[in-house]
Amino acid sequence: MATGRSPSDADRPARAPAAARSRVAPISADVRLLGIATEHLARLGPKRVTVVAVAAEAGMTHANVYRYFPSKDALLDAVAGRWLRDIETRLAGIADAPDPADDKIERLLTALAALQRDALQDEPNLFAVHLDATVAARPIARRHRVRLRSLVERVIEEGMATGTFSARDRERAIAYIFDASYRFTHPLAIQHDAEVPRDLVDARFGAVIHAIQRVLRAGIL
């Protein structure tokens, strides 16, 4: 007697309910804490953020927070660290682009300055953590500095290999770039110029970048 089912129907595994198929993995405790700390930082500022309040919103004791972040500074630095990694990803895209090395140096430095100025204007509390970590040379700032240096080094080496740059000493060339651009890329200097019109800062920085390009092309270092 026909059943109306094809022979293969009985062999097909039963499909899980729609709710089970759409279920996502639970958010880890450290990621949840970072999300809460990010919101508290934006709303309250770094001085008013407390581990106790973050823990309470996460439904845990403040002692449990210290299992993931050993101090309030470490928690806030982790929040800033996510933003810094996004910056580094954007800058890496510039360093890896199929453009001449001298153009890359200009774009990389300009983006580094602009992203920080944007943060100072739009997310001042996040910028304050970045600034404090940089001035205090905390681990998150030191790691960021190492990654920035690696990106600049990559562009310098490419420029030397293609003949775009005539630098004789790679290390001196890298140091010169950071020294010359400090006034426009270091968070302390960016905060100092917060009230200076942006177009004026851009014009001054453009002149510095052109000087950097000339030095790299001329082989002075």
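Colleague: What makes residues of H7 count as buried, and which are they?
Modeller: Buried means under 20% relative accessible area, exposed over 50%, and partly exposed in between, with a 1.4 Å probe and protein chains only. In H7 the buried residues are Leu126, Phe127, Val129, His130, Leu131 and Ala133. This is a predicted model, in which local features need pLDDT of at least 70, side-chain atom pairs count only at pLDDT 80 or more, and totals for chains, interfaces and linings use all residues. Residues are numbered from 1 along each chain as its sequence is written, and side-chain values use heavy atoms, with hydrogens and water left out.

Colleague: Which helices do the buried residues of H7 pack against?
Modeller: They pack against H2 (29–44), H5 (72–95), H6 (101–122), H8 (139–162) and H10 (187–192). Contact means heavy atoms within 4.5 Å.

Colleague: Which residues of H11 are buried?
Modeller: Val201, Phe205, Ile209, Ile212, Gln213, Val215 and Leu216 are the buried residues of H11.

Colleague: Why are they said to be on the same side of H11?
Modeller: Because they cover an arc of only 160° around the axis, they lie on the same side of H11. The arc is that of the directions from the helix axis to the C-beta atoms. The face turned away from the buried side carries the exposed residues Asp199, Arg214 and Ala218.

Note on methods. Helices (H or I, at least four residues) and strands (E, at least two) are DSSP runs, numbered from the N terminus.
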